[in-house]
Amino acid sequence: MLPTTSYRERRRNRSPWQVLGLLFTALFLVLLPAAAHASTSEFPIVGNVKNDGVPLADVRIVVTGEGYEQEALTDADGRFTVQVPSQDGTYEIFLDEETLPEGVTVKGDNPRPTEFGAQSFRPVNFFIGEGVRDVQSFGSQLAERLVNGLNFGLMLALASIGLSLVYGTTGLANFAHAEMVTFGAVMALVFAGMMNMSLWLAIPLALVASGLFGWLLDWGIWKPLRKRRVAIVQVMILSIGLSLFLRYVFQFFIGGGTLQLPGVGGTKHTLFGDVALTTVDMVSMGVSTGILLVVAYWLLFTRIGKATRAIADNRALAAATGIDVEKVIRIVWIASGLLAGLSGILWAYFRPGIKWDMGTQLLLLIFCAVVLGGLGTAFGALIGSLITGVLVEISTLWIPSDTKYVGALLILILVLLVRPQGILGRRERIG
């Protein structure tokens, strides 16, 4: 007679890698049919910019509409091409007059609305010439960038705090945190965009999935490595490999194009002066602020929050006082996944759009914020995120918007040179 095992014993003996395999199999079954129907086609808007027949190069063109925004510069022949994800709806093409030669302005509408109709591409030409340019004052531009930077910094703080908590409790600088950000946005796209659920249901489900994803990564990968006492450098290298793997899994399912969540864009509401925000932007700032306050309360006044801070200060001493370190780390990974997922959803509305590598675009800024505030300190990550977000947006007053994230690298270098421990970090002696 063959020996038998109970379901509980089989579950206890199941490998964590088998669990992760089951997770990705489930995601494959859910996402593959939806991905087959997802449209990643792009349609070109093309045009010329000339002044009295002379082509103008490096003129900035911004295309917005249907929750999409993309920029381009004219080439040496004055031509530009911008790919949009759909030929349905109306797009606005804006020519930045600040990039035109002195004394040259746009004649007629600017921005200029356009529709594809039955065409697969849409030609748009601007008529420009001598004229008086209506220039926005520097003070108005600065105020607008400050508000946008604050909004950006708040959503950046959600992801940065999650990374900082993981580093504080485990010592791991998780490079796959960028893909946890992308995962939240992709789950929202699956529930709201592909399964046609209401946003009130889709976003909470996406956050639950994000928290579960963080827990499964810890249970299936990081916890077994901790038990085997694998060196932190090897674990960090593994996180880089995991980041690359997850990135291309996302590309396989949703393609290389830009996909949109329902409800992006909308009418802008004037706050003061020339500063205006959409309803989505204001909701995003309110949600980010509320969640950050909840996290602060959790860290300061709850038992698990105090235990988290104790482990970040001295893990061995915390364990000696009776704190269940593994339980706290498990909760931290769930919270980290949830915060990263929410950050990804808000970033998809701010950007706007979802791409397979969207989290990677934020990774440098997340690390910059964490290092600036102080490694392992959640409140330091908050301060660092706000500073980084505001400086990145303000930098577009002097440098092209395409290169604004480079400023984050400069901040990172300066902080490491002047104050390596960060704003709220503690100076430590090594060696």
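Is Trp219 buried, partly exposed or exposed? Select Trp219 to find out. Trp219 is partly exposed, with a relative accessible area of 31%. Keep in mind throughout that this is a predicted model.

**Stop 1: the ring pairs**

In general, an α-helix has 3.6 residues a turn, so residues three or four places apart point the same way.

The structure holds 10 aromatic pairs. Trp215 and Trp219 form one that is stacked. Check the geometry in the viewer: the centres are 5.4 Å apart, with 15° between the planes.

Now select Phe252 and Phe253. This aromatic pair is edge-to-face. The centre-to-centre distance is 5.4 Å, and the planes stand at 70°. Which of the two is buried, and which is exposed? Phe252 is exposed, at 56% relative accessibility. Phe253 is buried, with a relative accessible area of 8%.

Next, select Phe152, Trp347 and Phe350. Ring pairs link these residues into a cluster.

**Stop 2: the open sheet**

Select strands S4, S3, S6 and S8. These 4 strands form an open sheet in the order S4-S3-S6-S8. The pairing is antiparallel. The edge strands are S4 (68-73) and S8, and each pairs on one side only. Neighbouring strands of this sheet are turned by 25° against each other on average, direction ignored.

Strand S6 covers residues 90-95. S6 and S8 pair in the antiparallel sense over 4 bridges. Pick out two positions along this pairing. Pro113 in S8 is the bridge partner of Glu92. Thr90 stands opposite Glu115 in S8.

Show the side chains of S8, residues 112-115. Which ones are buried? Arg112 and Thr114 are, and they point to one face.

Select Arg60 and Glu71. Their side chains meet in a salt bridge, 2.8 Å from N to O. Arg60 lies in strand S3 (residues 60-65) and Glu71 in strand S4, so the pair ties together parts that are 11 residues apart in sequence. Arg60 is partly exposed, at 22% relative accessibility. Glu71 is partly exposed too, at 24%.

**Stop 3**

A search of the whole structure finds 7 salt bridges. Arg226 is buried, with a relative accessible area of 19%. The cut-off for buried is under 20%.

The side chains of Arg226 and Asp218 meet in a salt bridge, 2.9 Å from N to O. Both residues are buried.

Glu326 is partly exposed, at 23% relative accessibility.

Salt bridges that share partners join Asp218, Arg226, Arg315 and Glu326 into one network.

**Stop 4: helix H8**

Select helix H8, residues 303-313. Which residues of H8 are buried? They are Gly305, Ala307, Thr308 and Ile311. Look down the helix axis.

Now ask what the buried residues of H8 pack against. Show four helices: H3 (138-170), H7 (279-301), H9 (315-320) and H10 (325-350). The buried residues of H8 pack against each of these.

Definitions and conventions
Residues are numbered from 1 along each chain as its sequence is written. This is a predicted model: local features need pLDDT of at least 70, side-chain atom pairs count only at pLDDT 80 or more; totals for chains, interfaces and linings use all residues. Side-chain values use heavy atoms; hydrogens and water are left out. Buried means under 20% relative accessible area, exposed over 50%, partly exposed in between (1.4 Å probe, protein chains only). Helices (H or I, at least four residues) and strands (E, at least two) are DSSP runs, numbered from the N terminus. Contact means heavy atoms within 4.5 Å. Two strands pair if DSSP finds at least two bridges between them. Axes are lines fitted to C-alpha atoms, for helices over the stretch in contact, and angles run from 0 to 180 degrees between N-to-C directions. Rings of Phe, Tyr and Trp (its six-membered ring) pair if their centres lie within 6.5 Å; planes under 30 degrees apart count as stacked, over 60 as edge-to-face and the rest as tilted. A salt bridge is a side-chain nitrogen of Lys or Arg within 4 Å of a carboxyl oxygen of Asp or Glu.
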